[in-house]
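Please look through the structure below with the following notes beside you.

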Amino acid sequence: MTLTQLKALIQWSLRFKSHWYYWYNGQKSIAILSMAISMAIMAVCLVLTAGYSLWGIMIAVFLDSAALWLSLFYVVALRSAIPEFAQCQVDTLIATQFALPMLLGFVFNRVSTFVVAKTVAGRSAA
């Protein structure tokens with residue numbers, strides 16, 4: 001991948017804003033609706049079909065990109081404090097109940113926020 005392609009990819013990805021962007025810019029209806037939609041999609045996809053934790057999904061939706069920092073905090077600071085015999089089980093628990101919903105939540109949050117914002121903007125223009 002060239003530097004020009006990387007710049008284009010970054011510019012393209014910046015179109016997908018977090019729901020917190022709209023919350024802090026006074027467009028709370030977009031933020032709340034996009035959070036509700038992404039929570040519903042993730043609940044159907046992960047809780048009902050795969051048995052994932054609803055708490056992991058709620059953390060992923062509400063914390064959005066902060067969940068990434070929590071994951072890094074676990075790897076850097078907390079993992080070394082766990083006894084070696086239990087690290088495998090805790091790693092599996094963190095990966096399945098926290099990291100996967102966090103990654104999917106990041107994508108679902110951005111896409112649902114983008115769709116809701118475009119829909120609301122389209123109705124405002126009409």
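1. The structure holds 1 salt bridge, a term that stands for a side-chain nitrogen of Lys or Arg within 4 Å of a carboxyl oxygen of Asp or Glu. The partners are Asp91 and Arg79, whose side chains meet at 2.5 Å, N to O. Because Asp91 lies in helix α6 (residues 84–125) and Arg79 in the loop between α5 (66–78) and α6, the pair ties together parts that are 12 residues apart in sequence. Helices here are DSSP runs (H or I) of at least four residues, numbered from the N terminus.

2. Before reading further, please keep in mind that this is a predicted model, in which local features need pLDDT of at least 70 and side-chain atom pairs count only at pLDDT 80 or more, while totals for chains, interfaces and linings use all residues. Residues are numbered from 1 along each chain as its sequence is written, and side-chain values use heavy atoms, with hydrogens and water left out.

3. How exposed are the two partners of the salt bridge? Asp91 is partly exposed, with a relative accessible area of 22%, and Arg79 is also partly exposed, at 30%; buried means under 20% relative accessible area, exposed means over 50%, and partly exposed lies in between (1.4 Å probe, protein chains only).

4. The largest nonpolar core has 8 residues, namely Met35, Met39, Met42, Leu46, Tyr52, Ile57, Ala60 and Val61; such a core is a set of buried Ala, Val, Leu, Ile, Met, Phe, Trp, Tyr and Cys residues joined through side-chain atoms within 4.5 Å. Two or more residues of this core come from each of α3 (28–50) and α4 (54–63), and α3 gives the largest share, 4 residues. Apart from this core lies another, of 5 residues, among them Tyr22, Ile30, Ala31 and Val116. In soluble globular proteins, nonpolar side chains tend to be buried together.

5. Which residues touch Met42, leaving aside its neighbours within four places in sequence? Met42 is in contact (heavy atoms within 4.5 Å) with Val47, Ile57, Ala60, Val61, Pro101, Leu104, Gly105 and Phe108.

6. Ser18 and Leu14 both deserve a look. Ser18 sits in the loop between α1 (3–13) and α2 (19–24), and Leu14 lies in the loop between α1 and α2 as well. Ser18 is buried, with a relative accessible area of 12%, whereas Leu14 is exposed, with a relative accessible area of 54%. The side chain of Ser18 reaches the backbone nitrogen of Trp20 at 3.2 Å.

Conventions:
Polar contact = N/O pair within 3.5 Å; in protein donor to acceptor, adjacent residues only side chain to side chain.
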